[in-house]
Amino acid sequence: MNVFLTKQERIKYIGFDDRIAALVGIPLVSFMAFLLFSNGKGDVTIRHTIFCLLLGTVYTVVYWSINRFWVIRMRHWLPGDEHTLKRILLIVAFALLSITAVEYVSTYYIVDRSALMQEIGWSKDSFLFKISTTFTLCLMVLAMYESAWFFTKFRRSQLAQEQLAKENMQTQLAVLKQQMNPHFLFNSLNTLVNIIPEDSKKATLFTQRLAAVYRRILEYRHKEMIPLVEELTALQDYIFLLQTRFEDKLIVKWHLSEETMKQVARTPVQCEEEESRDFPVIPPHLRHHLIVPLSVQLLVENAVKHNIISNEHPLQIDITLGEDRVTVSNKLHLRNRKMSSTGWGHDNLKSRYSAISSRPIVIRKTNDAYHASLPILPPTEVRELAEERRTG
């Protein structure tokens with residue numbers, strides 16, 4: 001790896017552009033080294049003082065470069081946070097070995113052979129004193145680099161959290177606008193007007209479920225995830241409104257995947273309920289799994305919005321519950337006219353999931369069918385993800 005890094009590489013491996021720090025730090029450390037090594041040397045002439053300062057600067061540049069080299073090298077080799085302690089220990093160990101090597105060479109091949117250094121008294125200091133003093137100064141430099149690194153990571157984590165909070169607020173607003181679609185409300189009110197004179201009890205039930213749909217929209221807009229049982233319960237109210245409007249022209253069937261059916265021992269009542277296909281059968285081990293709120297409802301809404309629903313072409317929507325996904329699928333009978341878009345759809349749904357999980361949304365579209373699969377997450381996994389985000 002090239003030590004002469006670009007600005008972007010310096011920021012990547014060091015955490016900041018350290019050129020200014022070097023320009024300020026090297027003279028400062030050089031002066032500190034001069035004070036430490038000149039202490040007790042007796043009368044020192046101006047010529048000797050200038051020489052010592054220059055020599056100290058050379059030593060400081062060498063040691064600063066060595067420390068910087070090992071910092072960059074170790075962060076290149078061990079970049080993860082889980083290697084922090086190991087990385088710091090290796091940096092310190094390699095720095096100590098490098099200092100020992102440089103001091104040995106300089107003491108026995110330069111200092112002992114320099115009349116001027118002998119005259120100043122530089123060789124009077126013990127080898128151990130030189131090593132310990134130089135290592136102490138190097139630790140100060142290493143501490144500066146590590147402190148800057150952790151401070152930079154902390155700031156990045158804060159900015160990432162602020163950006164995530166901003167995106168969540170924008171998504172919540174987009175969800176609210178989408179789910180409070182005036183066309184849906186207008187169609188629902190028209191349906192209500194038509195059924196009031198025919199069936200007052202059904203009209204009352206329709207009104208209650210319409211209110212429940214909008215109550216949940218307001219309730220869930222600040223939540224990242226909700227239990228699967230809540231999502232599918234809320235979906236039942238939404239489907240009831242749609243089926244009241246379209247009657248037999250809209251068919252919704254619920255399924256369990258083969259894997260899920262193997263995981264649960266169902267009672268005869270549960271089998272009968274599943275065969276009715278008029279409400280979801282949720283196995284006990286999946287009831288508390290989590291899902292992005294109103295996400296399945298969005299997929300059902302899209303199917304209704306974009307497909308022909310008529311006596312000749314009834315729309316059937318199949319909702320399949322698996323061990324780690326909910327899949328919504330339907331055959332395509334697309335409307336001839338293009339539907340207006342609110343600007344909120346799959347991209348924002350993917351964004352909501354990407355903010356809380358690495359599991360992807362899977363969307364497959366063929367000439368005659370559409371499938372969309374949403375992840376459902378165990379509570380333990382969600383807690384672990386939340387802890388990782390909290391700690392940065």
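# Surface patches, salt bridges and backbone of a predicted model

Glu247 counts as exposed, at 53% relative accessibility. In this report buried means under 20% relative accessible area, exposed over 50%, and partly exposed in between, with a 1.4 Å probe and protein chains only. The model is predicted, so local features need pLDDT of at least 70 and side-chain atom pairs count only at pLDDT 80 or more, while totals for chains, interfaces and linings use all residues. Residues are numbered from 1 along each chain as its sequence is written, and side-chain values use heavy atoms, with hydrogens and water left out.

## The loop after α9

Glu247 sits in the loop between α9 and β2. Helices (H or I, at least four residues) and strands (E, at least two) are DSSP runs, numbered from the N terminus. Which residue with a positive phi follows α9? That residue is Glu247, with phi near 55°, and it is not a glycine. Most residues other than glycine have a negative phi. Leu294 is another non-glycine residue with a positive phi, near 65°. Leu294 belongs to the loop between β3 (290–291) and α12 (295–306). In contrast to the exposed Glu247, Leu294 is buried at 3% relative accessible area.

Asp248 is found in the α9–β2 loop too, between helix 228–246 and strand 250–256. Its relative accessible area of 70% makes Asp248 exposed.

## Surface patches

A patch takes residues with over 30% relative accessible area and no salt bridge, joining like charges within 9 Å and nonpolar side chains (Val, Leu, Ile, Met, Phe, Trp, Tyr) within 5 Å.

A nonpolar surface patch consists of Tyr104, Val105, Tyr108 and Tyr109, which together have about 420 Å² of accessible area. These areas come from the Shrake-Rupley method with a 1.4 Å probe, and for residues only the protein chains shown count as cover. Val105 has its place in helix α4 (residues 84–109). An α-helix has 3.6 residues a turn, so residues three or four places apart point the same way.

## Salt bridges

How many salt bridges does the structure hold? There are five, where a salt bridge is a side-chain nitrogen of Lys or Arg within 4 Å of a carboxyl oxygen of Asp or Glu.

One of them joins the side chains of Glu146 and Arg75, at 2.9 Å from N to O. Glu146 is part of helix α6 (residues 127–179) and Arg75 of helix α3 (residues 46–77), so this pair ties together parts that are 71 residues apart in sequence. Both Glu146 and Arg75 are buried.

Asp237 and Arg216 form another salt bridge, with the closest N and O atoms 2.4 Å apart. Asp237 lies in helix α9 and Arg216 in helix α8 (residues 200–220), so the contact ties together parts 21 residues apart in sequence. Asp237 and Arg216 are both buried.

Lys223 and Glu219 also meet through their side chains in a salt bridge, at 4.0 Å from N to O. Lys223 is partly exposed at 37% relative accessible area, and Glu219 is partly exposed at 40%. Elsewhere, salt bridges that share partners join Arg209, Arg216 and Asp237 into one network.

## Helices and selected residues

From its first C-alpha to its last, the 19-residue α9 reaches 26 Å, close to the 27 Å expected at 1.5 Å a residue. The expected span is 1.5 Å times one less than the number of residues. Of the 19 residues of α9, 14 are buried, so the helix is largely enclosed by the rest of the structure.

Phe206 is placed in helix α8. The C-alpha atoms of Phe206 and Ser188 are separated by 8.9 Å and the residues stand 18 apart along the chain. Leu35 is in helix α2 (residues 19–38). Its C-alpha is separated by 10.0 Å from that of Gly56, 21 residues away along the chain.

| Residue | Relative accessible area | Class |
|---|---|---|
| Leu35 | 45% | partly exposed |
| Val105 | 44% | partly exposed |
| Phe206 | 0% | buried |
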